[in-house]
Amino acid sequence: MLQKNVLEYLEHSAARFPDKTAFSDETETFSFSRMLACARSLGTALAGLTPRHNGPVAVLVDHSAANLTAFMGVLYSGNFYVPVDSQMPLPRMKAILDTLDPVALVYTAGTRETAQAVAGLCPLLLDTDGFACPADEALLCARRAKVLDIDPVYAIFTSGSTGAPKGIVICHRSVIDFVEWMADACGFTEHDIMGNQAPFYFDLSVKDIYLTLKCGATTHIIPKKDFLFPTLLMDFLDEKKVTALVWATSAFHLVANSGVLEKKVPTHLRTAILGGEALQAKQLNLWRRALPNVQYINLYGPTEVTVDCTWYPIQREFADTEMIPIGTACANKEVFLLGEDLQPVPPGQPGEICVRGMGLARGYFGQWDKTNAAFIQDPRNPHYPDLIYRTGDVAVMDEDGLLTFLTRRDGQIKHMGYRIELGEIETGLNSIPSIREVACLFDRERDRIHCVYTGEEDSKAVAKTARAILPRYMVPNIYHQLETMPRNPNGKIDRPRLAEEFLHGKN
């Protein structure tokens with residue numbers, strides 16, 4: 001029978017493993033049966049608030065297991081959930097809610113104060129009040145019957161620091177398509193125990209959530225403080241017997257740079273799946289030396305293609321100076337490169353990564369101009385409607401069809417007469433043992449490359465090493481040493497903030 005709703009994952013696992021832990025945090029555990037019961041109750045409460053269906057319901061998230069149960073409750077009401085970071089600045093939150101005009105906002109006891117600050121924008125519902133509502137079977141069935149597999153599961157707002165936030169709308173079929181592939185390709189089963197790192201307003205967490213629900217696995221939410229004290233993190237992973245990490249690359253790099261892997265490792269780990277930023281060989285090699293039997297997989301994809309569109313299981317050794325490929329397309333997705341003229345480029349030639357397939361988002365919520373600019377007719381097909389998504393990322397494909405990410409489209413520069421990818425410079429600089437993290441910026445007005453880095457050596461020493469390992473035209477002109485690298489809410493290096501400080505500021 002055709003699956004058309006992600007709730008079927010929860011229902012099947014609750015039938016198979018009713019008392020097994022689905023999700024847990026520091027204070028609360030939801031078994032599959034408890035999650036199912038609470039979600040149906042919350043769905044009833046939400047459905048009673050409005051006659052609408054397929055409407056957005058904001059969920060104020062604080063990285064708790066209850067947040068995930070609330071997501072499922074929203075789906076039972078016939079609507080779709082929109083995770084909203086409870087720590088984001090209030091003006092941005094209000095801008096998102098203004099864009100959404102949500103059916104309701106679900107909050108936890110710990111986010112009550114923030115919820116009350118936006119109370120006038122939509123109805124509020126405390127999650128525990130919803131969990132206690134008697135489930136109305138007839139109402140739930142009526143709402144469920146209206147939902148098609150092309151209807152939304154969630155909308156996630158991008159974390160860009162400038163301009164209006166964009167809400168990316170993803171449907172049931174896209175999530176099902178991706179999760180079915182990933183569970184099979186990466187070998188997930190009910191025996192897996194995952195350690196969740198990604199915030200729930202970051203689409204990386206979609207993998208933790210739906211792999212757990214599909215497979216009947218268990219996910220433990222890692223306390224945020226453990227990433228400040230990596231020894232505690234290793235203890236947590238061992239105590240919980242974590243077998244799989246589906247982490248942001250930045251967190252993976254952070255642990256490698258901390259030196260903890262030389263002292264302690266998670267002994268049950270079998271799989272580490274990375275995504276969100278370019279994976280650096282130096283940090284990967286630190287993990288591989290400490291845990292040589294773990295399968296490491298590099299994934300790539302923007303939120304607009306339902307989490308990921310390419311994958312690369314790492315099978316060979318990489319020198320610290322090498323770039324790690326992003327691999328080949330995930331099942332039922334085509335990934336190809338187009339030049340500036342929107343025509344295919346030959347192997348070995350850089351081009352913009354474009355994606356087609358079931359994973360494409362429905363578009364940006366309420367923003368038709370941005371949707372139409374990013375989701376365009378496939379220029380290779382003039383015969384019938386056939387949308388592709390332009391990622392804005394630049395990659396190169398080798399003769400075997402293997403893709404390697406180079407940079408953002410705006411990260412390709414012309415310097416000293418040469419066309420250069422900033423990502424290539426960063427890979428070279430990252431191989432310097434004393435550097436922990438690095439980001440390169442380009443000042444087009446002054447034709448200067450800036451290197452911003454964290455590490456032990458001063459800028460003169462770094463510059464000397466850079467001249468020894470990089471071609472002359474790729475060597476940065478200016479170096480900025482920081483104690484810590486600024487990050488956006490998703491944990492990625494905050495490049496707009498760096499540009500504001502070092503390109504547009506007094507520097």
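The model described here is a predicted one. Its largest nonpolar core has 85 residues, and helix α9, residues 205–215, is mostly covered. The points below take up the cores, the helix contacts, and several individual residues in strands and loops.

**Nonpolar cores**

- Within the largest nonpolar core, of 85 residues, those with the most contacts inside it are Met72, Phe188, Tyr210 and Leu213; the largest share of this core, nine residues, is contributed by helix α3, which spans residues 65–76.
- Apart from that core lies another, made up of 29 residues, including Leu245, Leu269, Trp287 and Phe318.
- When neighbours within four places in sequence are left aside, Phe188 has contacts with Met182, Ala183, Met194, Leu211, Cys215, Ala244, Val246, Arg270 and Ile273.
- As general background, nonpolar side chains in soluble globular proteins tend to be buried together.

**Helix α2 and its two partners**

- The axes of helix α2, residues 32–47, and α3 come within 7 Å of each other and cross at roughly 50°, which makes α2 oblique to α3; the crossing in which α2 passes α3 is right-handed.
- On the α2 side of this contact are Met35, Leu36, Cys38, Ala39, Arg40, Leu42, Gly43 and Leu46, and these meet Leu68, Thr69, Ala70, Met72, Gly73, Val74 and Tyr76 in α3; by class, the contact comprises eleven nonpolar, three polar and one charged residues.
- With helix α7, residues 137–146, the axis of α2 comes within 10 Å and crosses at roughly 80°, so that α2 and α7 are roughly perpendicular to each other.
- In this second contact, Arg40, Gly43, Thr44 and Ala47 of α2 meet Glu137, Leu139, Leu140 and Arg143 of α7, giving three nonpolar, two polar and three charged residues by class.
- Arg40 and Gly43 of α2 take part in the contact with α3 and also in the contact with α7.

- Ten of the eleven residues of α9 are buried, namely Ser205, Val206, Lys207, Asp208, Ile209, Tyr210, Leu211, Thr212, Leu213 and Cys215.
- Just after α9 comes Gly216, which takes a positive phi of about 75°.
- The axes of helix α1, residues 7–16, and α9 come within 7 Å and cross at roughly 45°, and the two helices are therefore oblique to each other.
- From α1, Tyr9, Leu10, Ser13 and Arg16 meet Tyr210, Thr212, Leu213, Lys214 and Cys215 in α9, a contact that by class has five nonpolar, two polar and two charged residues.
- Tyr210 and Leu213, which take part in this contact with α1, are also among the residues with the most contacts inside the largest nonpolar core.

**Residues in strands**

- Leu482 lies in strand β26, residues 478–482, and, with neighbours within four places in sequence left aside, is in contact with Val452, Tyr453, Thr454, Gly455, Leu498 and Phe502.
- Between Leu482 and Glu456 there are 26 residues of separation in sequence and 9.9 Å in space, taken from C-alpha to C-alpha.

**Residues in loops**

- Thr306 has its place in the loop between β13 (295–300) and β14 (310–313), where it is buried, with a relative accessible area of 0%; leaving aside neighbours within four places in sequence, Thr306 is in contact with Tyr154, Ile170, Ser174, Val175, Phe178, Lys333 and Gly359.
- Val307 lies in the loop between β13 and β14 and has a phi near 75°, a positive value in a residue other than glycine; because its relative accessibility is 2%, Val307 counts as buried.
- Asp447 lies in the loop between β24 (435–443) and β25 (448–455) and has a phi near 55°, which is likewise positive in a residue other than glycine, while its relative accessible area of 32% makes Asp447 partly exposed.

Conventions: Residues numbered from 1 in each chain as written. Predicted model: local features only at pLDDT ≥ 70, side-chain atom pairs only at ≥ 80, totals over all residues. Heavy atoms only, no water. Core = buried A, V, L, I, M, F, W, Y, C linked by side-chain atoms within 4.5 Å. Buried < 20%, exposed > 50% of the residue type's maximum accessible area, 1.4 Å probe, protein only. Helix = DSSP H or I, 4+ residues; strand = E, 2+ residues; numbered from the N terminus. Contact = heavy atoms within 4.5 Å. Axes fitted to C-alpha atoms, helices over the stretch in contact; angles between N-to-C directions. Parallel < 35°, antiparallel > 145°, perpendicular 65-115°, else oblique. Left-handed = near helix turned anticlockwise from the far one by under 90°. Nonpolar A, V, L, I, M, F, W, Y, C, P; charged D, E, K, R; others polar.
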